[in-house]
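Please keep the sequence and the model in view while reading.

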Amino acid sequence: MKLSAKSPLIGIPACVRDQEGHPFHTVGEKYIAAVNLGAGGLPVLIPALGDVFDMADLVRRLDGLLVTGSPSNVAVSLYGGPPDRPDSPQDPKRDATTIPLIRAAIEEGLPLFCICRGIQELNVAFGGTLHTQVHEQPGARDHRALKVDYMNVKYGPRHSVDLAPDGDIARIVGSPRIEVNSLHWQAIDRIGAGLIVEGRADDGVIEAVRVGGARSLALGVQWHPEWKVLENPVSLALFRAFGDAARRRAEQRMRGLAA
């Protein structure tokens with residue numbers, strides 16, 4: 001989608017990945033493309049610099065915040081969880097950036113959309129806890145990514161999600177049940193104070209939440225709607241709703257600058 005000076009600025013916090021012994025701040029292209037093509041926003045990549053930022057000042061400069069998925073997991077020390085699996089990938093610089101940034105975004109009324117690791121960070125930011133290996137919970141299905149080389153299969157539909165009939169997501173997508181992909185080890189255990197369940201998988205795992213009383217759209221989903229966003233009507237509806245909220249915010253912000 002062609003961008004202009006009126007396109008909303010949507011921040012995307014980065015992960016820190018090692019590349020040949022050097023740390024790189026990275027964001028997957030699929031998230032950047034979804035912000036552009038699905039939400040009609042200008043992606044602004046935010047390095048994982050933690051408390052270097054004045055978070056309140058940063059969110060005032062933005063029109064939306066997309067918190068992405070990642071191969072890494074939220075540190076259990078941030079929510080008092082049991083020891084994680086020995087091979088659990090960690091990203092402490094991302095943790096130190098995204099969790100305070102989420103809190104600042106809600107305080108400011110910034111439109112917020114959290115995906116996969118993002119919904120887990122949202123839950124931890126609100127005092128909730130996580131299952132580190134949800135597939136080991138009694139009655140839970142295996143939500144981990146399929147071990148296949150074909151991305152269209154890996155990101156293809158895996159299970160249904162029943163949506164709260166009076167929730168924001170059911171209203172946005174126009175259906176009480178949707179089919180989603182599934183590529184995660186971790187999931188919400190105890191839900192954070194102030195979060196409201198928007199959807200559950202057929203095994204009861206929480207798949208979607210909203211922030212109760214938020215001044216703008218503030219959602220988290222456990223699946224990956226960013227994948228080929230233009231080809232999936234549910235994914236596109238979610239990103240368009242996020243983009244619409246960001247455009248309203250941009251208009252308000254520009255009026256404030258012009259005053």
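**Salt bridges and overall form**

Asp-168 and Arg-171 are 3 residues apart in helix H6 (residues 168-173), so about one helical turn separates them; helices (H or I, at least four residues) and strands (E, at least two) are DSSP runs, numbered from the N terminus. The model is a predicted one, in which local features need pLDDT of at least 70 and side-chain atom pairs count only at pLDDT 80 or more, while totals for chains, interfaces and linings use all residues. Residues are numbered from 1 along each chain as its sequence is written, and side-chain values use heavy atoms, with hydrogens and water left out.

**Salt bridges**

- Asp-168 and Arg-171 form a salt bridge, with their closest N and O atoms 3.8 Å apart; the term means a side-chain nitrogen of Lys or Arg within 4 Å of a carboxyl oxygen of Asp or Glu.
- Asp-168 is partly exposed at a relative accessible area of 25%, whereas Arg-171, at 58%, is exposed; buried means under 20% relative accessible area, exposed over 50%, and partly exposed in between (1.4 Å probe, protein chains only).
- Arg-210 and Glu-198 meet through their side chains in a salt bridge of 2.5 Å, N to O.
- Arg-210 belongs to strand S12 (residues 206-211) and Glu-198 to strand S11 (residues 195-201), so this pair ties together parts that are 12 residues apart in sequence; both Arg-210 and Glu-198 are buried.
- By the salt-bridge rule, the count comes to 14.
- Glu-108 pairs with Arg-249 in a salt bridge whose closest N and O atoms are 3.3 Å apart.
- This pair links distant parts of the chain, with Glu-108 in helix H3 (residues 92-108) and Arg-249 in helix H7 (residues 233-258), 141 residues apart.
- Glu-108 is partly exposed, with a relative accessible area of 23%, while Arg-249 counts as buried at 11%.

**Overall build**

- The protein has 7 helices and 13 strands, and its C-alpha trace spans about 55 × 45 × 35 Å along the principal axes.
- Of the 259 residues of the protein, 54% count as buried.
- Among contacts (heavy atoms within 4.5 Å) with a separation of 6 or more, 69% are between residues 24 or more positions apart.
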